[in-house]
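Here's a quick briefing on how two chains meet. Have the structure open as you read.

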Amino acid sequence: MKIQVLKAVTSANDAIAAKNRQIFNRNKIFVINMMSSPGAGKTSLIIQSIKKLKKKLRIAVIEGDVASKIDAERIGKTGIPVVQINVGGSCSLEAHMIGPALDKLPLDKIDVLIIENVGNLICPAEFDLGEHKKVVVASLPEGDDKPSKYPVIFSEADVIIINKLDLESVLDFDIVNFRKRIEGLNPDAEIFELSCTTGDGINEWCNWLIKEARKKRS
Amino acid sequence: MHELAITQNLLATVLKEAKAAHAEKVTTIVLVVGELSGAVSDCIQFYFDVLKKGTIAETATIEFKAVAAQLKCRDCGLKFKPENEIWSCPECHKQNIEIVGGRDCFIESMEVEP
């Protein structure tokens with residue numbers, strides 16, 4: 001007997017992601033899934049954002065890494081709630097990993113939840129975690145051709161951040177060319193240029209976070 | 001490497017569908033794999049052979065259907081296959097490109113026995 005299925009291969013994950021999203025919406029939490037290659041500066045950006053926004057937004061973080069608690073400890077020093085997930089052999093967070101982490105967070109006291117995915121530009125693009133927005137962080141040392149090499153993740157991002165702007169004078173990264181590639185693939189993406197080292201551009205990004213968090217709460 | 005998770009998802013869906021149809025055995029799964037889906041057929045096959053043991057899909061085989069990537073130029077509307085490193089329209093040479101095919105990986109159908 002033949003059964004027509006026509007379901008995405010990740011449909012089991014997507015069903016759990018939808019439940020996660022219901023939890024986020026019920027608690028009016030704005031959730032971002034932050035993705036990048038390893039070393040692009042996700043954790044640094046999260047720490048800078050917490051420092052800027054600590055008095056304006058109640059932020060919590062879920063950290064995904066293959067191993068170690070290094071990132072959670074770095075973020076924990078800012079005094080906000082943080083949960084570390086070690087994915088072991090997996091190369092990405094998956095929706096089912098989020099539920100147990102949420103049990104450890106004070107959901108009624110959070111405005112923004114930042115989920116820092118495992119550093120990887122391929123696998124995290126395939127797994128919905130229940131987030132509201134996908135944020136991809138690229139950095140100058142990676143080269144301006146990254147969007148052409150990993151078109152899927154860049155074409156599906158809601159926000160693309162160009163980090164390590166302070167290194168512009170010593171690298172041959174062509175920001176105009178990078179933006180052109182992004183705008184070609186994904187004209188709807190919002191782009192922020194910033195440096196976690198100098199703080200340049202952080203305000204614009206933080207204002208976006210405040211705006212989106214307010215939309216969720218209203 | 002996320003094929004392990006993809007294959008776990010695949011098997012969960014297959015077993016759920018088989019149960020809903022009151023089937024006792026799954027014999028074939030037709031899986032459509034897009035070129036831009038991020039899934040590698042050989043890896044899915046490898047993990048499937050490990051994961052299916054002890055389930056009603058233990059003797060099932062996967063029939064893979066490859067779907068090529070298809071792009072569309074947002075300016076002139078031309079549909080084409082990506083051939084160069086930088087995706088640009090072969091007609092108007094602009095880089096305003098949308099992915100219109102080959103992004104999905106889905107279970108099309110499956111064959112079961114009662």
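Across the interface of chain A and chain B of this predicted model, the rule finds three salt bridges, a salt bridge being a side-chain nitrogen of Lys or Arg within 4 Å of a carboxyl oxygen of Asp or Glu. In one pairing, A:E156 bridges to B:R103, with the closest N and O atoms 2.5 Å apart.

**Who takes part**
- Chain A puts 34 residues into the contact and chain B puts in 31, where contact means heavy atoms within 4.5 Å.
- On the chain A side, β1(A) brings the largest share, with seven residues.

**Buried area**
- About 2800 Å² is buried between chain A and chain B, and carbon and sulfur atoms give 57% of that; this is the accessible area (1.4 Å probe) that two parts lose on being put together, summed over both.
- A:M1, A:I3 and A:V9 lose the most area in chain A, together 24% of what that side buries.

**Two helices**
- Helix α1 of chain A (residues 11–26) packs against helix α1 of chain B (residues 3–20) at about 90°, their axes 7 Å apart.
- That makes α1(A) and α1(B) roughly perpendicular, the word used for angles of 65 to 115 degrees.
- A:S11, A:A12 and A:N13 meet B:N9, B:A12 and B:T13 here.

**Reading notes**
- Residues are numbered from 1 along each chain as its sequence is written, and chains are lettered from A in the order in which they are written.
- Local features need pLDDT of at least 70 and side-chain atom pairs 80 or more, while totals for chains, interfaces and linings use all residues; side-chain values use heavy atoms, leaving out hydrogens and water.

Notes: Axes fitted to C-alpha atoms, helices over the stretch in contact; angles between N-to-C directions. Helix = DSSP H or I, 4+ residues; strand = E, 2+ residues; numbered from the N terminus. Parallel < 35°, antiparallel > 145°, perpendicular 65-115°, else oblique.
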